[in-house]
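Here is a friendly briefing to read alongside the model. Please keep the sequence and the 3D view open as you go through the topics below.

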Amino acid sequence: MEENRLKRFNKIFPWYDGLSGDLLFWIAIDTLFLTVVKKFTAAQIVSLTSISMIINILLQVPLLKIIHKIGNTKSVRLGSLLMLVSSILLAFGRNYLTIVIGKIFYEMAFTFQNMINAVLKNNLELQHKENEYIKYRTKANTIYALVTMIISFVASIMFNINNYLPMIGCITFCIICFILSWYMVDYSKDDKKIIENNKEKNKGKIQYTKIIVFILISYGLFYPIVNSGQSNGKLFIQQELLKLYDVEKTALIIGAILCVSRIVRLISNIKFDKIHKKYKDKVGIILSVSLSLSLVLMIIGYNISSIPVIKFGIMSLGYIIILFIRDPFKVYMQDLALKNTDKKSQQTLLTTMELSRKIVRTIMSLSFTAILVNNPMVLVISILVVLSIVEVFVSLYLYKMIINKNQKIETLNNILDEIISKV
């Protein structure tokens with residue numbers, strides 16, 4: 001009976017995780033919807049993200065306590081419910097405060113939904129498929145990339161037909177994900193019982209080994225650089241285009257770049273499982289070097305003024321590389337983190353990884369906003385290049401530690417095999 005349930009979980013997981021990866025449709029028309037429908041100013045729109053991120057950072061400790069109390073399964077369901085409530089508030093909220101609450105629920109939802117990674121890892125271990133974590137996460141990311149690519153083509157058309165039509169689609173997807181979340185069950189005995197058995201033993205406390213610390217540093221640095229590189233990189237290219245072309249032609253070129261980047265993102269998710277099997281833990285270094293390369297290409301393109309085709313071709317290539325490496329890095333790091341911690345620490349570690357990302361992202365967002373008041377965008381991209389080089393060195397050191405750990409385990413296994421053979 002349990003075997004059938006696990007098989008059903010395996011089939012449904014990629015669809016649940018892929019469709020709940022974000023507020024579908026909302027991410028395609030958010031600024032447009034808030035500007036045209038809600039009549040918000042640019043300052044109000046920017047402040048929504050800053051306020052919701054800061055409040056969510058402050059709430060991380062009580063949210064983690066709730067996760068410990070209710071377990072992985074109920075956390076995933078609660079996250080899906082919060083995502084649904086968030087979509088309704090964002091769609092039909094009539095004032096700034098309601099939209100802020102919707103954004104806060106939106107950020108909170110990710111904290112709870114993040115436990116789906118622990119659920120997947122635990123259920124795969126029950127089936128002796130623990131090495132297939134990346135395979136299933138890649139399937140989910142492929143579905144997400146495909147759906148968001150399709151949405152990017154139709155969202156604007158739907159918005160023009162009726163401003164609320166994309167948000168109806170958003171709410172519909174949230175309802176589907178909430179229904180699917182009831183099939184996302186952690187069948188291991190470690191869902192909640194492990195917490196009950198360790199109430200007097202520092203429940204869920206992480207052992208901060210060197211590897212865990214550097215995983216947190218790497219994840220907390222890489223992902224905010226990618227987020228900032230993606231958003232500021234698009235604006236950087238747009239600013240350069242507007243120096244040479246009118247608004248209509250700029251919009252067409254930006255649209256073409258975004259379409260290509262979405263297709264490349266889909267390809268990266270389809271191919272990543274094979275890439276990981278070939279390069280294994282070298283993937284971390286490859287992705288970090290690629291991040292630095294992408295940002296350097298944008299600056300190289302920026303400094304070319306005589307040939308626009310080459311200029312924007314190079315800058316666009318840099319932007320597209322960011323989209324190629326975004327999802328694979330997250331999957332790899334989550335898999336690496338779960339491999340290097342015990343089950344009772346999974347919930348805390350996953351939440352701490354997201355917290356590190358949110359803190360660095362908030363600091364970057366506020367800092368870059370202040371920098372751009374009196375400085376050009378190229379300065380922000382240059383700072384990101386420096387930070388990405390730091391990330392490369394962090395990845396190199398992390399890779400060295402992983403190799404050393406694997407060698408020690410292999411040596412120990414060989415010694416045990418010798419002892420057993422002699423006995």
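The buried residues of helix 6 are Ile116, Asn117, Ala118, Val119, Leu120, Lys121, Asn122, Asn123 and Leu124; buried means under 20% relative accessible area, exposed over 50% and partly exposed in between, with a 1.4 Å probe and protein chains only. This is a predicted model, in which local features need pLDDT of at least 70 and side-chain atom pairs count only at pLDDT 80 or more, while totals for chains, interfaces and linings use all residues. Residues are numbered from 1 along each chain as its sequence is written, and side-chain values use heavy atoms, with hydrogens and water left out. Helices (H or I, at least four residues) are DSSP runs, numbered from the N terminus, as are strands (E, at least two).

**More on helix 6**

- Nine of the 11 residues of helix 6 are buried, so this helix is mostly covered.
- The cover over those buried residues includes helix 1 (2–19), helix 4 (60–92), helix 5, helix 7, helix 13 (308–339) and helix 14 (346–371).
- Asparagine 117 is found in helix 6, and it counts as buried because its relative accessibility is 3%.
- The side chain of asparagine 117 makes a polar contact with the side chain of arginine 137, at 3.0 Å. A polar contact is a pair of N or O atoms within 3.5 Å; within protein, one must be able to donate a hydrogen and the other to accept it, and residues adjacent in sequence count only if both atoms are side-chain atoms.
- Leaving aside residues up to four places away in sequence, asparagine 117 touches Tyr133, Arg137, Gln334, Leu338 and Leu350; contact means heavy atoms within 4.5 Å.
- Histidine 128, with a positive phi near 60 degrees, follows helix 6.

**Glutamate 130 in the loop**

- Glutamate 130 lies in the loop between helix 6 (116–126) and helix 7 (133–161).
- Glutamate 130 counts as partly exposed because its relative accessibility is 32%.
- Beyond residues up to four places away in sequence, glutamate 130 touches Lys121, Leu124 and Glu125.
- From C-alpha to C-alpha, glutamate 130 and leucine 120 are 9.0 Å apart in space, and they are 10 residues apart in sequence.

**Helix 5**

- Helix 5 (residues 96–113) has 18 residues and spans 26 Å from its first C-alpha to its last, close to the expected 26 Å; the expected span is 1.5 Å times one less than the number of residues.
- Asparagine 95 caps the N-terminal end of helix 5, with a side-chain oxygen 3.3 Å from the backbone nitrogen of leucine 97.
- Buried residues in helix 5 include Ile99, Lys103, Tyr106 and Phe112.

**Aromatic rings**

- A search of the whole structure finds 14 aromatic pairs. Rings of Phe, Tyr and Trp (its six-membered ring) pair if their centres lie within 6.5 Å; planes under 30 degrees apart count as stacked, over 60 as edge-to-face and the rest as tilted.
- Tryptophan 26 and phenylalanine 33 form an edge-to-face pair, because their planes are at 75 degrees, with ring centres 6.2 Å apart.
- Both tryptophan 26 and phenylalanine 33 are buried.
- One aromatic cluster is formed by Trp26, Phe33, Phe92 and Tyr164.

**Cysteines**

- The structure holds zero disulfides, a disulfide being a pair of cysteine sulfur atoms within 2.5 Å.
- The closest cysteine sulfur to that of cysteine 170 is in cysteine 174, at 4.5 Å, which is too far for a bond.
- Cysteine 170 is buried, with a relative accessible area of 0%, whereas cysteine 259 counts as partly exposed at 28% relative accessibility.
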